[in-house]
Amino acid sequence: MDERASAESGTCVDAAREPGAGVLLPRRSDLSGEVPTDTDVVIVGGGLAGCALAYFLATQGVELAVLERAELNREASGTNAGSFHFQIAIHQLTGAGADADRDRLLADVRLLVRAAAMWRDLERELRADLGVHVTGGLMVAETPEQLQILVTKQRIERDGGLDTEVLTGAELRNFAPYLAEDLAGASYCATEGYANPLLAAPAFAARAFEAGAAVRTYAPVERIEQLEDAGAARFAVHHARGKVRAHRVVNAAGAWAHELARGNGFELPLRAEGLHMNVTEPRDRLLVPLIQHIGRRLTLKQSSNGTFIVGGGWPARAEPWPARPSVRWSSVAGNAAVARRVVPALADVRVIHTWAGVWAASKDLLPVVGESARVPGYFTCVVPTGFTLGPLMASLLAGQMTGTSATLPSEYSPDRAPTLARGGARQGGPS
Ligand SMILES: Cc1cc2nc3c(=O)[nH]c(=O)nc-3n(C[C@H](O)[C@H](O)[C@H](O)COP(=O)(O)OP(=O)(O)OC[C@H]3O[C@@H](n4cnc5c(N)ncnc54)[C@H](O)[C@@H]3O)c2cc1C
């Protein structure tokens, strides 16, 4: 590995240009420079959405600044499970049945197929190790009713271009002998897997910086002033280090995006939710695929160092920033019980670490991405299931902002009714 150590940050910057060859992190000196006073685009938020958007815009020649209030990637993008959720999942279902949701789910699947293709190529595109593991993914069913949902969703996935298959009986036991024998079945998707959430956003930020973006930390945005009759600049973005005039702004503030939008007089269809994760002690290799459950909150994978990473959208208590969200022990116990029910060999494996993060869930489970008709020039980029879909949605938004790709579907509009909710939509989310 050909790497340069940054004297200031102690981080490594890979120069080998081979996929998986090294870790790419921005240098502290790059992040602490002066904030420009005039630019075309200001992106508020240095999570995966903001950093990926900065990369896709900067590499198309757009002048921009990313303003992050603290360190990059410390909130949802750096605290998540890193799973690729390409199969239709529990939190996408409304309870009315996969058939009833068919049109929406078909659109979701087509998007997820594109996200899978993007993740497959991302290490090469960013010339960085992102810890991408395409392990395949199993989504299990415990009951005949849940198995029927898998069968129905598999048809929708096939029609949407996602290759999945349903396994039952001896076929499932041979394929995944570590699963509880009495499970009704599982659907398998070969393209699922995971990447390292600690690497993805920083790699985008480093490449965005290289392409000319001013990525700045410790620059909390206090207010976005709409300017009248101010020439090209429509906004003055007031932050703790001063003020930057911008033609366009992008709200990529994740779980705080709705607060920021309120300052400009509109509501986003978002709510902030705390989610928690568990990591166990390491064990010999037991399983390779990502495991999810169609009816209960579970995501489970064994990392390359042997630990099991267990989540699935169990609630944590969101605390006012800068406090970290607090873990609920009932969630730890519930999450562990589901994991053990699905993979009995976990019965004597101890949880050694838990943590929680806050994500922004949209009330209708769709991305909130696009320009507000109420405040022209004000864009939003907030994506639930945002590790899986964040890079793709950022590239689509960059395409819209530069006029190089089709406009985003109106269903993603930040102006859609904030109270809109899919009947019976499940709470909790991807992890
Ligand atoms: C525990 C957990 C597990 C998850 N697991 C998965 C998973 O396995 N797969 C998946 O696809 N998704 C998962 N998600 C969801 C995913 O992490 C998020 O959807 C995604 O990271 C959102 O990225 P973001 O950039 O929009 O938000 P964030 O990463 O939260 O970034 C927003 C940034 O904005 C900054 N900010 C806020 N206000 C201001 C301000 N006024 N000025 C300047 N900066 C500001 C914040 O400091 C933060 O850095 C999980 C989420 C959690 C919490």
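**Helix α4 and its neighbours**

User: Is the crossing of α4 and α7 left-handed or right-handed?
Analyst: This is a predicted model, in which local features need pLDDT of at least 70 and side-chain atom pairs count only at pLDDT 80 or more, while totals for chains, interfaces and linings use all residues. Residues are numbered from 1 along each chain as its sequence is written, and side-chain values use heavy atoms, without hydrogens and water. A crossing is left-handed if the near helix is turned anticlockwise from the far one by less than a right angle, and right-handed if clockwise. For α4 and α7 the crossing is left-handed.

User: How are α4 and α7 oriented to each other?
Analyst: Helix α4 (residues 102-126) and helix α7 (residues 197-210) have axes 11 Å apart and pack at about 40°. Angles under 35 degrees count as roughly parallel, over 145 as roughly antiparallel, 65 to 115 as roughly perpendicular and the rest as oblique. The two helices are therefore oblique.

User: Which residues of α7 make the contact with α4?
Analyst: Contact means heavy atoms within 4.5 Å. From α4 come Trp119, Leu122 and Leu126, and from α7 come Ala200, Ala203, Phe204 and Arg207.

User: What is the distance between the axes of α4 and α5?
Analyst: α4 passes α5 (residues 144-160) in a right-handed crossing. Their packing angle is about 55°, and their axes are separated by 8 Å.

Key
Axes fitted to C-alpha atoms, helices over the stretch in contact; angles between N-to-C directions. Helix = DSSP H or I, 4+ residues; strand = E, 2+ residues; numbered from the N terminus.
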